[in-house]
Every structure is written in C-alpha cells, then in structure tokens.
Amino acid sequence: MKGLYCKVGETAAEAKFVIQETNVPSDLGSNQVKVQVKACALSPLDLKLHEDLKLQRDLVPVGREIVGIVLQVGPKVTFFQPDDEVVGILPLDTAMSGLCEAVVINENHLVQKPEKLRWVEVAGAIRDGLRAYTALHTLARMASGHTLLVLDGASPFGVLSIQLAHYHGVKVLASALSSEDQKFLEQLRPSVGVRESLVARVIGVWDTKVDLVDSCLEETGGLGVDIVIDSGVRLHEEEPEARCLLPYKHDIITLLGVGGHWVTTEQNLQLDPPDSRSLFLKAASLSFLNEEVWGASSARQGRYLHIMKDIVEKLSTGTLRPQLEDPVPLYDATVSMEMVQKKQVRKRLVIQL
C-alpha cells in the first residue's frame, strides 16, 4: 500500500514529499491495534524536533492524526475490538504514514470515536484540541474569570483554544491577521442561533492603525491579560513577510497582567535581562508549548488518554467545533502537504476513497 513521506534534504527548504510504497506488519504485538484509516490530517512537520530526538531517517512519515475502524487487535488489547471506530495520534517515532490504507498502533494512543461524528471532523480536531488543552489547562492553569489573548485566533488551534476557554468561563480576546480572519472571528458563536460572540474583542493587527498592546490594556482597564497564547514571536526587525504581523516579545510582556502566564510556540525565543526583570516584577511565567511531551513518558499516559477522550466528548456535544476546509483525496496529498509545510495553508485533511 502507499503512504506519504518526507524525503529529507540538507536543509528544511530542500525537503520533498513523495508517495511511497510501504508494508504493514502482518503480526501484531501484544498491545497493538491494526486500524483501517478513513481520514488523516496534515500538519507541518517539525524536522528539527526529529533531529533533536535522534529520530532522523531518510523518509519521515507524514500524517499522524488518524481516524478509522479497528481491523485486528493483539492478544493483550483490552480497550478495543474489531469494528470499533477510533481516533488517535501516531507516535513521533512511528515508521508508518497515516495516509496508508491501514496502520498498526499501540492501543494507548487511541480512543473511541462516537458514531455520530464525521471522520474528517475528528481527524482535524484531535491534535489542535490536544494543543489547546496542554496550553490552557496544563501550562496556564486556566480558571473562570481569567482574560485570555489568543494570537492568530482564526487558526485551527486558535479556534479550538477560543472555544475551550469560553466553555470554562474565560473572557477571550483574539488577534486577526487579515480582514477575512477578523470577520470570521467576529461571527464566531458558541452554537448555531446564539447571538453571543465567543470573542469579546477581535484585534485586527493587519491594520497598521491598530496597536495590540493598547487594545489589550484598554479592554482590561489597564490591568493586562491573565493568559497569552502566541502563534510565534517576531525576533528581529527584518523578518520574512509571513512573520511581520507577529508581536515582539516586549509587546507580549507589556500586555501581560500580574501573575500572568505566557504560553509560547516560539522554539527559539530568547529573553534579555530586562525582559526577565519585567516578568519577575509581574510574578509572571513563561511556558513553551510542545504537545509531543505527552508521548515522552509512560507516567503521563493516563492523563493523555483522558484529554483525548474529553476532546472527543466535547466534539460530540458541539462544545468544540473545528473550522475545516473540504478534504482532498490521496492523489492530492503531496501538493497539499507542501502547501501546509510552507504555511500557505493552515491544515489539510485527506480522506481514503
């Protein structure tokens, strides 16, 4: 059968995506499950993370967020049986692409999928839901009454973060990178027919007349926000066009309130002594968002599964409603993944026909 893989070059820019023939193991391990894949989500590959963890290989599997039907289970599997509908995330060290017709995965990386949920809906939300839970619950200790700023709120991750925070009684502010994103966020509602907006204020940073810091301080009466989740940080004056709308670290620290939490996705963030001093004076904290840590220790396995089960439950009740584009077939996966990796699109979903 065929799967999608990344052919690693000397630099990240030289990486190529190819459809490759692959084999699925015929013999299952004690706790392994064979799943027929129905849909798979494509998210950007972090090749530097693979290198740091010594997981380099010539062909890196692409597509780890999968949903499908159990075909076969190992002798010690207790959670699933054939014909169960399941959703999960393939581990970082997997050798299999989620775009294969079938994959083999440990049962501890899967949860049940409610029958009424669409394949693409669950596949498109499971990883971003995990990131939102990690950022808001594990790192920021979100609580009712807090004020949250989500930067790039119209991204798939941003939308689920907004919905999850609103469900827990958090006041949400969000930045928009374009006029289209701003209109989308202003129209975002908890459910169909509800007039109340999910976002208390949309800050259109695409408009040069709008200042992110001033808008946040105005909305909070000068106190600052309790939680910031960024989508990257502008590190230098001269940045590629795609990063020009990102905030500077000083701006984020300025708009952060006393005892606030800054959750960053910027892997290369460096704080200068004045920045650290400002955080100290506010008794504020800085956390790095890396959802891959859930697979790094078996001690966290139970909580990891609990989070994924709760994501699926909230999808089933409509609390979480991912905003998805139309899925593409496997033969368009190569072009789609190139667009995702270059950040020309935010996410793509592939269905098995």
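## Close-up views of a predicted model

**View 1. A loop residue between helix H9 and strand S16.** Lys343 sits in the loop that runs between H9 and strand S16 (348-351). This is a predicted model, so please read each view with that in mind. The phi angle of Lys343 is near 65°, which is a positive value in a residue other than glycine. Is Lys343 buried or exposed? Lys343 has a relative accessible area of 65% and is therefore exposed, since exposed stands for over 50%.

View 2. Let us move to Ala283, found in the loop between helix H7 (273-281) and strand S14 (285-288). Phi of Ala283 is near 50°, again a positive value in a residue other than glycine. With a relative accessibility of 56%, Ala283 counts as exposed.

**View 3. The open sheet of 3 strands.** In which order do the strands of this sheet stand? The order is S2-S1-S4, and the pairing is antiparallel. Strand S2 (16-21) and strand S4 (59-61) are at the edges; each has a single partner strand, so one side of each is left without a neighbour in the sheet. From one strand to the next, the twist averages 45°. Look next at strand S1 (residues 2-7), which pairs with S4 in the antiparallel sense over 3 bridges. In this pair, Cys6 stands opposite Val60 in S4. Helix H9 (residues 333-341) packs on the sheet, where it touches S1 and S2. The direction of H9 makes about 145° with that of S2.

**View 4. Strand S5 and its two antiparallel pairings.** Strand S3 (residues 32-42) pairs with strand S5 (residues 65-73) in the antiparallel sense, over 8 bridges.

**View 5. The open sheet of 6 strands.** This sheet has the order S11-S10-S9-S12-S13-S14, and its pairing is parallel. Which strands stand at the edges? They are S11 and S14, each with a single partner strand, so one side of each is left without a neighbour in the sheet. The twist averages 15° from one strand to the next. Strand S12 (residues 225-229) and strand S13 (residues 256-264) run parallel and are joined by 4 bridges. Within this pair, Val228 has Trp262 in S13 as its bridge partner. Helix H3 packs on the sheet and touches strand S9 (147-150), S10 and S12. The direction of H3 makes about 170° with that of S9. Helix H4 packs on the sheet too, touching S10 and S11, and its direction makes about 160° with that of S10.

View 6. Which residues of helix H4 (residues 179-186) are buried? They are Asp181, Gln182 and Leu185. Seen down the axis of H4, these buried residues fall within an arc of 100°, so they line one face of the helix. What do the buried residues of H4 pack against? Their partners are helix H3 (156-167), strand S10 (171-176) and strand S11 (201-204).

View 7. The domain assignment of the protein chain gives domain 1 (2-124 + 296-352) and domain 2 (144-288). The C-alpha centres of domain 1 and domain 2 lie 29 Å apart. How many residues take part in the contact? Domain 1 gives 10 residues and domain 2 gives 18 residues. The size of an interface is often given as the accessible area lost when the parts come together. Domain 1 and domain 2 bury about 1,100 Å² between them, with 55% of it on carbon and sulfur atoms. In domain 1, the residues that lose the most area to domain 2 are Arg321, Gln323 and Arg346, together 52% of what that side buries.

Technical notes:
Residues are numbered from 1 along each chain as its sequence is written. This is a predicted model: local features need pLDDT of at least 70, side-chain atom pairs count only at pLDDT 80 or more; totals for chains, interfaces and linings use all residues. Side-chain values use heavy atoms; hydrogens and water are left out. Buried means under 20% relative accessible area, exposed over 50%, partly exposed in between (1.4 Å probe, protein chains only). The arc is that of the directions from the helix axis to the C-beta atoms. Contact means heavy atoms within 4.5 Å. Two strands pair if DSSP finds at least two bridges between them. Axes are lines fitted to C-alpha atoms, for helices over the stretch in contact, and angles run from 0 to 180 degrees between N-to-C directions. Domain bounds come from an automatic or database domain assignment. Buried area is the accessible area (1.4 Å probe) that two parts lose on being put together, summed over both.
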